[in-house]
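The exercises below ask for a helix, a pocket and some backbone angles to be examined with the model in view.

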Amino acid sequence: MVVTTFLRGSSYVKICNTPELRRRTLDDFCVAAGPSSKELAMKIAAETRSRVVNVESKIFPDGESYIRIAEEYLPHYTVLVQSTYPPQDRHIMQLCLMIERLQEMNTNVIAVVPYLAYARQHRAFLPGESISLKVLARMMEAAGASRVITVDIHNVEGLGYFSIPANSLSAVRDIAFYLKERISPENTLVVAPDHGAKIRAETLSVHLGTDFAVAKKERDRITGEVTVSLPEIEVVRNKNVIVIDDMISTGGTVSAIAKILKAAHAKEVIVACTHALLTDDAMERLKKSGVNEFIATDTVPGKFSKVSVSHAISEFIRRL
Ligand code: R5P
């Protein structure tokens, strides 16, 4: 067992390869496909050769969520896949309804939440703010989850709010696999749009065999306005640049960086992210700033989901 204690005093507990867990076989698993992640759940079920549990869902005319799991018997563990992209609150409510229902059926619920909503509010940035992720963690635990798996959580400190085992997997290897065939390392540079994305960018650059650079970003906490700068900007001249971030919401961050890259004579600007939330007119903003290509994973399913996180999740589940 690995226990990491964060500054705040809370702990992130990772249980790995204990004899009890190693005794499990894939027959002990089934996969429940939440309404927000049906396709991804099917892929995970196929990769882990697990049975799929049918989840019925609907929305009542007043907007309330309904869940029914018409199963008589469930194996010892159920891998429930439900991402919490917009509409976040609805997807979270469905997640909690499913967790509660499943645990009532005497199965241990492994909640796979590929995009974990509210993870950006993992601390109070201004006095008096609610720590949203802490509340979400409590809700999932109160509903009965026995373990949580997410992908590229905004800040790993956020895992400390869970008192059940919680892991954040990385999509970088799969993103790298996709990009590898499409770039030539010698004239490509990977850029992190801010310090928080540094490790991700560095990891991608190692996979691709390229250099990497880290931009400086400042965001006005009240207006949300973003300003970025890249020290040694001249290195981007005549290079193809891959900007990698955990998520794209309004597109403000990556479009700000794309503008300075293009102004410094970068050739192609490829934007890669794990979670393509794409609120408002994010895509329009990206295009206007000169972004040539945009790729994302299926944590948020959509037309830019060119990379699947199913393999990373299946591999992790197999090793539990
Ligand atoms: C922030 O630190 C995140 O890593 C992303 O850079 C940010 O959340 C993206 O949001 P937006 O697209 O609205 O700038």
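Helices (H or I, at least four residues) and strands (E, at least two) are DSSP runs, numbered from the N terminus. The model is predicted, so that local features need pLDDT of at least 70 and side-chain atom pairs count only at pLDDT 80 or more, while totals for chains, interfaces and linings use all residues. Residues are numbered from 1 along each chain as its sequence is written, and side-chain values use heavy atoms, with hydrogens and water left out.

**Exercise 1.** Determine which elements supply the lining of the largest pocket, and of what classes that lining consists.

Solution. A pocket is, on a 1 Å grid over the protein atoms alone, an open set of points where a 1.4 Å probe fits, with protein on both sides within 12 Å along at least five of seven lines, and its lining residues have an atom within 4 Å of a point. The lining comprises 38 residues, of which Arg120, His154, Lys217, Arg219 and Arg221 lie nearest the centre of the pocket. Strand E13 (216–219), strand E15 (240–248) and helix H7 (252–263) each supply at least two lining residues, and E15 gives the largest share, four residues. By class, the lining has 12 nonpolar residues (Ala, Val, Leu, Ile, Met, Phe, Trp, Tyr, Cys and Pro), 12 charged ones (Asp, Glu, Lys and Arg) and 14 polar ones (the others, Gly among them).

**Exercise 2.** Describe the phi and the accessibility of Arg49 and His265.

Solution. Most residues other than glycine have a negative phi. Arg49, in the loop between helix H2 (38–48) and strand E4 (51–53), has a positive phi near 50°, and at 76% relative accessibility Arg49 counts as exposed. His265, in the loop between H7 and strand E16 (269–276), has a positive phi of about 70°, and at 44% relative accessibility His265 counts as partly exposed.

Conventions. Buried means under 20% relative accessible area, exposed over 50%, partly exposed in between (1.4 Å probe, protein chains only).
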